[in-house]
Amino acid sequence: MDRRSFAISLAAAIAAPLTARAQSFVFLDYTQEALDKAYDQRVWAPNATEIIERYATDSAAVRKKYPPQSERYGESDAEMLDIFAPAGAKGLPVMVFIHGGAWRALTKSDASAPAPTFVENGCIYVALDFAVIPKVRLPEMAAQCRRALLWLHKNIARFGGDPEKIFVSGHSSGGHLCGAMLTTDWAALGGPKNLLKGGVAMSGMYELHPVMLSVRSSYVKISQEELAALSAMRHLDKIACDVLVVFGDKETPEFQRQSNEFATALAGMGRLAGKIMLPGRNHFVVPEELNDAKTQVSQAVLAMMKR
């Protein structure tokens, strides 16, 4: 073997294990198995089922104490929302909550528990319902949420709300949809450009590229164009209000990374209302912070709404 052939062979031998190693990663330093686990919160929260069941029981108790006004905002049976308002409400700020459930579970009936925090502090709380996978695809879910917010802007005054003080929040897949609402071109849909006055993004996904490389792509079917359209991180220029980012330090590493990067981007453009990382909290308990008006999260949200 001549010197040139030897050099080529040596370079190939050195590069081979590096190439093989690189090919084992599907995103950053995640193997496929690791990335799948990083987008599966139940791997990190063994008490997930217990907590999710608590959403329903706590919400049922709240609806018994504060019966909501249920209204239809769209044509399909799924397009409903529950309005919780204090007696004699007039011109009050409005918080709209988008439930999670991996884009395929839960309903507004699982999202009533935060209502007292708002109702008892001079605000209106709205829990959204919308169709989920497999009944609709993700783009239609986002479209339904947008229709709900446009409907509320036109109608919430009838229920004592101020249409110029509408805020949006969401948890998990609802946190993703919250990001999609915050980056919506409302003027193009016939609403005011600044329809939303603030956001609370809880444990969400704000860039769908790594999500669609994970096991979630087995049931979330979207095109590359839809992926881009529904990734809040790609449309930061459309955010016209301050946003509070909330997540737990016991969530998966990917959900923590997504929240941290979203918060960093918001801070860089002067739109970060605050970043709250909750110590000792896994993914599923994070939205329960809104069930108590005295928590750091609730206090920050109420301060935002009454600013």
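**Entry 1: Asn 282**

I started with Asn 282, which counts as buried at 10% relative accessibility. For my own use: buried is under 20% relative accessible area, exposed is over 50%, and partly exposed is in between, with a 1.4 Å probe and protein chains only. A note on the source: this is a predicted model, where local features need pLDDT of at least 70 and side-chain atom pairs count only at pLDDT 80 or more, while totals for chains, interfaces and linings use all residues. Residues are numbered from 1 along each chain as its sequence is written, and side-chain values use heavy atoms, with hydrogens and water left out.

Where does Asn 282 lie? I found Asn 282 in the loop between strand 8 and helix 9. Helices (H or I, at least four residues) and strands (E, at least two) are DSSP runs, numbered from the N terminus.

Next I looked up what the side chain of Asn 282 reaches. The backbone nitrogen of Phe 284 is 2.9 Å away, and the backbone nitrogen of Val 285 lies 3.3 Å from a polar atom of that side chain. I also listed the contacts of Asn 282 (contact means heavy atoms within 4.5 Å). Leaving aside neighbours within four places in sequence, Asn 282 is in contact with Ala 45, Asn 47, Ile 51, Lys 250 and Glu 251.

**Entry 2: His 283**

I moved on to His 283, which lies in the loop between strand 8 (272–278) and helix 9. Is His 283 buried or exposed? His 283 is buried, with a relative accessible area of 2%.

The side chain of His 283 makes a polar contact with the side chain of Gln 41, at 3.2 Å. A polar contact is a pair of N or O atoms within 3.5 Å; within protein, one must be able to donate a hydrogen and the other to accept it, and residues adjacent in sequence count only if both atoms are side-chain atoms. Not counting residues up to four places away in sequence, His 283 touches Gln 41, His 171, Ser 172, Ser 203, Glu 251 and Phe 255.

**Entry 3: helix 9**

Which residues of helix 9 are buried? I noted Val 297, Ser 298, Val 301, Leu 302, Met 304 and Met 305 as buried. Seen down the axis of helix 9, the buried residues fall within an arc of 155°, so they line one face of the helix. The arc is that of the directions from the helix axis to the C-beta atoms. As for partners, the buried residues of helix 9 pack against strand 3 (92–98), helix 4 (115–119), strand 5 (161–171), strand 6, strand 7 and strand 8.

**Entry 4: salt bridges**

How many salt bridges are there? The count comes to 16 salt bridges, a salt bridge being a side-chain nitrogen of Lys or Arg within 4 Å of a carboxyl oxygen of Asp or Glu.

I looked at three of them. Glu 33 and Lys 37 meet through their side chains at 3.5 Å, N to O. These two are four residues apart in helix 2 (residues 32–38), so about one helical turn separates them. Glu 33 is exposed at 54%, whereas Lys 37 is partly exposed at 39%.

Arg 147 pairs with Glu 140, the closest N and O atoms being 2.7 Å apart. Arg 147 is partly exposed at 32%, and Glu 140 is partly exposed at 29%.

Asp 242 forms a salt bridge with Arg 307, with 3.5 Å between the closest N and O atoms. This pair links distant parts of the chain, 65 residues apart: Asp 242 sits in strand 7 (residues 242–248), Arg 307 in the segment after helix 9 (296–305). Asp 242 is partly exposed at 22%, while Arg 307 is exposed at 67%.

**Entry 5: aromatic rings**

I counted six aromatic pairs. Rings of Phe, Tyr and Trp (its six-membered ring) pair if their centres lie within 6.5 Å; planes under 30 degrees apart count as stacked, over 60 as edge-to-face and the rest as tilted. Tyr 206 and Phe 262 form a stacked pair, 4.2 Å centre to centre with 20° between the planes. Tyr 206 lies in the loop between strand 6 (196–202) and helix 7 and Phe 262 in helix 8 (residues 253–268), so the pair ties together parts that are 56 residues apart in sequence. Both Tyr 206 and Phe 262 are buried.
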